[in-house]
Amino acid sequence: FVWQERRTAEPIMPLWVFSRRVLVGSNLATLALGLLSIGLTTFLPTYAQGVLGVSAIIAGFALAVMSVSWPVCSALSGRFYMRIGFRNTALIGAAISLLSGIFFTLLPESTNIFIVSLGSLIMGAGLGLLSTPLIVGLQSVVGWNRRGVVTGSNMFARQLGQTVGAAIFGSIANAVLVGWLAQAPKSIAKQLPTSLNTASQYLGGGSSSALPARAEAYLRLGLYQASHQVFLVLAIIGLASVMVLVFTPRTFRTLHFAEDDQATNLATEPQDVLVSGERSVMQD
């Protein structure tokens, strides 16, 4: 990647994106945002259906709450970053996301779905305050000729977090569940499914064959363990996003690049141009 981007005339991801702390810190925090959003989107329904035993509609409602608080807080974030700055507003959002991650790690095996919805509401609020200040802040520190690049790099970081996060969280949940099923008592071992997908189908109502009561209780506890580990990682990612923003410059100042200064000087200096075979001077 580095070799290719350095040799091409018009790189997809110019390496200067990684040369300034404000750019790197904002993109890393956005990558964490992608991880947080995909983790909750993927495993909150698993927890609600597989562990709490609610229907798919109720589980979707608990997740949809995040889709309400996110845009609301994103819209309100402008009032905050105009007063306290982009970094501080994003830092508040990261701290709220961390609190939501801790909230989910403390959820017991049996709880009210409205309690789960509260955690989703908190996460959406944190992500809303985290996302908008970073993208607007990045666009404000560069000239028009670089805004497309910083916008694209920020969107790429978010999508990369979602893509990598889906793989990471899926691997964690499957590893925990497979280990749990491997330790099952011999009396119910053959009655249990062998993967997270089939386990969710059994407990979420997607399978026509019902499990014996003891096997179902054991499987629910395994899904709880798997979901709990995912929620624990969400809390760790929330903490990492807070730490990243702490070391990001507090003030988003305009960035100056030598290439832009050189281009500006060339544009303002008189240049000799050839017009209709005659030599003339074009002034600024």
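Predicted model: local features only at pLDDT ≥ 70, side-chain atom pairs only at ≥ 80, totals over all residues.
Residues are numbered from 1 along each chain as its sequence is written, and side-chain values use heavy atoms, with hydrogens and water left out.

Let us start with the overall layout. The protein has ten helices and two strands, where helices (H or I, at least four residues) and strands (E, at least two) are DSSP runs numbered from the N terminus. Along the sequence the order is α-α-α-α-α-α-α-α-α-α-β-β. Of the 284 residues, 44% are buried; buried means under 20% relative accessible area, exposed over 50%, and partly exposed in between (1.4 Å probe, protein chains only). Among contacts with a separation of 6 or more, 75% join residues 24 or more positions apart, a contact being heavy atoms within 4.5 Å. The accessible surface is about 15000 Å², and carbon and sulfur atoms hold 62% of that surface. These areas come from the Shrake-Rupley method with a 1.4 Å probe, and for residues only the protein chains shown count as cover.

Now turn to α3 and α4. Their axes come within 7 Å and cross at roughly 130°, and α3 and α4 are therefore oblique to each other. From α3, the contact uses Ser77, Phe80, Tyr81 and Ile84, and from α4 it uses Phe86, Asn88, Thr89 and Ile92. The axes here are lines fitted to C-alpha atoms, for helices over the stretch in contact, and angles run from 0 to 180 degrees between N-to-C directions.

Some of these residues also belong to a surface feature. Val68, Val72, Leu76, Phe80, Ile84 and Ile92 make up a nonpolar patch with about 500 Å² of accessible area together. Patches are made of residues with over 30% relative accessible area and no salt bridge; like charges are joined within 9 Å, and nonpolar side chains (Val, Leu, Ile, Met, Phe, Trp, Tyr) within 5 Å. Helix α3 (residues 56–84) contributes the most, with five residues. Isoleucine 92 sits in helix α4 (residues 86–105) and, with a relative accessible area of 39%, is partly exposed.

Glycine 137 is buried, because its relative accessible area is 0%. Setting aside residues up to four places away in sequence, glycine 137 touches Phe86 and Phe252.

Our last stop is helix α9 (residues 213–246), which holds serine 241. That serine 241 counts as buried follows from its 1% relative accessibility, and beyond its neighbours within four places in sequence, serine 241 is in contact with Ala32 and Ala94.

How many salt bridges does a search of the whole structure find? The search finds one, a salt bridge being a side-chain nitrogen of Lys or Arg within 4 Å of a carboxyl oxygen of Asp or Glu. Glutamate 216 pairs with arginine 220, with the closest N and O atoms 2.9 Å apart. Because they are four residues apart in helix α9, glutamate 216 and arginine 220 are separated by about one helical turn. Glutamate 216 is partly exposed at 28% relative accessibility, whereas arginine 220 is buried at 18%.

Note on methods: Parallel < 35°, antiparallel > 145°, perpendicular 65-115°, else oblique.
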